[in-house]
Amino acid sequence: QSENSDKSSAESDSETEVEQVSVYHKLLATLKTSPESESEDDESESEEAGESEAEVDSEGSQETGEADGGGEDKNDIPEQEKGTTDTAEQTLGQEQADGADTSCDPSHGVIEEFTDVKHESEFSLETNFMEEESEDCNADKRDSNSSQVFSEDPFKQHMDKELEEKEVEKMSTLPKSSSQSKWPRLGQLTFSSTLEKHKTLKVDKEVDVKQLYLHKTLESTWPKVNKQFLSSVNKPSDPCFTPLQRELFCIMNTYRDLFYPERNALTNGEEIRHAYCLHALNHVLKANAQVLSNNAKRRDQKPGTDNDDYRDQGLTRPKVLMIVPFRECALRIVHIFISLLEVNDKRKIDVSNKKRFKGEFGSDPEEKPPNLKRPEDYEAVFAGNIDDHFRIGVAILQKSMRLYAPFYSSDIIIASPLGMRTIIGAEGEKKRDFDFLSSIEILIIDQADIYLMQNWEHVLHLMKHINLLPLDSHGVDFSRVRMLNLSNWSKYYRQTLLFSALQDPQINSVVKKHCFNYMGQVAVRNVPLSGSINHVVVQLPHVFRRLEAGNVTSVIDTRFQFFIDKVLPEYRDAIMSHTLIYVPSYFDYVRLRNYFKKEELNFTHICEYTKKAGVCRARRFFLKGEKQFLLFTERFHFYKRYTIKGIRNLIFYELPTYSHFYSEICNMMKATDNGVDATWTCTVLYSKYDAQKLAAVVGIDRTAQMIQSKKNVHLFVTGEN
């Protein structure tokens, strides 16, 4: 915040009420000298996704290595995690050379860690005032004259709400009560809250943009920016939102938490991105306008006047944290922000470091292999720059936007889970920093399903370090800090927006264990009526074999034992050659690989760590029948999507995370020219704890029967239906 810590502390002591001194002292007692943040590690470049099918034979004869075709990287470190093991010197040298955020640079002193003296005054909230002719100033005057408008604004209602101790205690101890509702576009919703009065919400069938209390700038720019998604069927009374955006924004604008598990990169991904960008920018513009307005009021007030009316900020400046998987996502978000802030062609906003941002977050179309054929959903997810180690601060002040702003001078932070992990660090490390997460008011986690394929631990690590009391004051003026932040109640005011392509227990766990919003939560809970099994185009008998496990923790061991005792013996015969075993978990894969080696089975294996040469060799061995089994991980399929030829027998060791992978893997059988349909088999292992994944594959009706029944289920699919 302000660079002069001593000055702000002195102001805090002299200008606050006597009864609040104990609160400040309690907080100040916890403050220590800020530790240096962890050095930013060098991102490892993603391995090229391209490989033509011809390479299987052409390269296979030239390769050397293990006979079983494993050829895995020596250190078993995935591409998306290598950033944490490389030396920091390369990255730091590069960052210093091109003027990057040196927040992670150990050579910088504690004071300079997250500051940029050159531009600090220009973008400082504390030292700027609202321009007299600005729309914010006019709006502020209107608000002052109308208490009704002032109180109905969702932003004001949410941030000005003063929780009582008993309400906080209730949220900490009591379970949430829930209610159901069905909306036209979102479908089945579950509203949950500990505070009874915040349980339900009715959908607005028509939305007038003027009733949404958008910031004045956004009110005029949003219809133009969002025009690309609107069709001619949109109602004249609702010209600004698609049906999906209207219902999502209706929830976002009430500051409830939201979990939407039906995001699709091909269909609604950009629609959703525009909606949450509108909400995030609306929040930041209103919050900053409030601070600038109060700056002017404080400047004009008489000396010795009570300052407690101007509590308008958190302990640190960042308000919005946006977690996205790839640099391309960050690029698109910033472009949306710029579009939303530019009222017209004559009123362009000043964007600093724009050229550098485009260079680091953009992509070269020529880098993509020319003859690469992948499914449409793959192309949509992996478009543009897919580097997954980044973080960038964005500061917004009136008619200017500053990219690469130091975190403590930023309003919005856009980062990947790995980018956050390398700066938060681990317990015991000297170089780490997470104070900038202390006052996050909106957390947006987009494409959460992709983090299951990267490293879910990074997401959990972030959730454990958000909204904690900072270890240092960072020059904050305590007389301006909201009481909710001083009371360490920030997490009860934080809104979390979580978007995913699927429902998964690990994602659901984040919603349940790390979201405490006093306004409650809204989760979309639609059940799949038909499953991906209907998209299998080859005639194939599907045998679903149920295993009995006492509890969730015992499933892993039970599945392994069930597989080696009941399933594997049936496939040991040479007649059952060309058997692919699909394994979603890397840990299960390692366990199976070790068992196969110990039993000296004739097998080969491919995982996300396998080098390109090893992949080619394994595919060739499997196609020619030189290896009877192929162990195959889900993460490899997610990142590469190669067609594996030669499959005659298929075993799903566990149901796939992405339901469409089931039909994709089954349909690979048609790539086998000399295969005989009648000999193809497909076996799936499942337990009662796999209900969500099972429903996505076979549909909700079959799932109910299969979970209740203790017998194996045989399904025969005769093509797409």
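Strands β16 (residues 649-652) and β17 are joined by four bridges and run parallel in this predicted model, where helices (H or I, at least four residues) and strands (E, at least two) are DSSP runs numbered from the N terminus. Two strands are taken to pair if DSSP finds at least two bridges between them. Within this pairing, Leu650 has Cys682 of β17 as its bridge partner. Strand β17 (residues 681-686) is also joined to strand β12 (residues 540-546), in this case by five bridges, and the two run parallel. Val543 stands opposite Thr683 in β17. Strand β17 is mostly covered, with five of its six residues buried; buried denotes a relative accessible area under 20%, exposed one over 50%, and partly exposed a value in between (1.4 Å probe, protein chains only).

Residue numbers start from 1 along each chain as its sequence is written. Because the model is predicted, local features need pLDDT of at least 70 and side-chain atom pairs count only at pLDDT 80 or more, while totals for chains, interfaces and linings use all residues; side-chain values use heavy atoms, with hydrogens and water left out.

The protein chain contains 28 helices and 18 strands. Of its 721 residues, 58% are buried. Among contacts (heavy atoms within 4.5 Å) between residues at least 6 apart in sequence, 80% join residues at least 24 apart.

An open sheet is formed by 11 strands in the order β1-β2-β11-β3-β10-β9-β4-β8-β6-β7-β5, with mixed pairing. Its edge strands are β1 (177-183) and β5 (350-352), each of which pairs on one side only. From one strand to the next, the twist averages 15 degrees. Strands of a sheet pair through backbone hydrogen bonds, either parallel or antiparallel. The antiparallel sense is represented by strand β6 (residues 391-397) and strand β7 (residues 400-403), which are joined by four bridges; here Ile396 stands opposite Met401 in β7. The parallel sense is found for β3 and β11, which pair over three bridges, with Asp257 opposite Gln521 in β11. Strand β3 also pairs with β10 in the parallel sense, over three bridges, and Tyr260 stands opposite Phe499 in β10.

In a regular strand the side chains alternate between the two faces of the sheet. Both faces of β3 are covered: Asp257 and Phe259 are buried on one side, and Leu258 and Tyr260 are buried on the other. Helix α11 (residues 243-252) lies across β1, β2 (187-193), β3 (257-260), β10 (495-499) and β11 (521-524), and runs at about 150 degrees to β3. For such values, axes are lines fitted to C-alpha atoms, for helices over the stretch in contact, and angles run from 0 to 180 degrees between N-to-C directions.

Two packed helices are described by the angle between their axes and the distance between the axes. The axes of helix α10 (residues 216-225) and helix α12 (residues 269-300) come within 12 Å and cross at roughly 165 degrees. Helix α10 is therefore roughly antiparallel to α12, on a scale in which angles under 35 degrees count as roughly parallel, over 145 as roughly antiparallel, 65 to 115 as roughly perpendicular and the rest as oblique. Leu218, Trp222 and Val225 in α10 meet His274, Ala275, Leu278, Leu281, Asn282 and Leu285 in α12.

Ala691, Leu694, Ala695 and Val698 in α27 meet Ile700, Arg702, Thr703, Met706 and Ile707 in α28.

Asn467 is found in the loop between α18 (456-465) and α19 (483-486). When residues up to four places away in sequence are not counted, Asn467 touches Leu437, Ser438, Ser439, Ile440, Asn488, Ser490, Lys491 and Arg494. Asn467 and Tyr492 lie 25 residues apart in sequence, and their C-alpha atoms are 9.3 Å apart in space.
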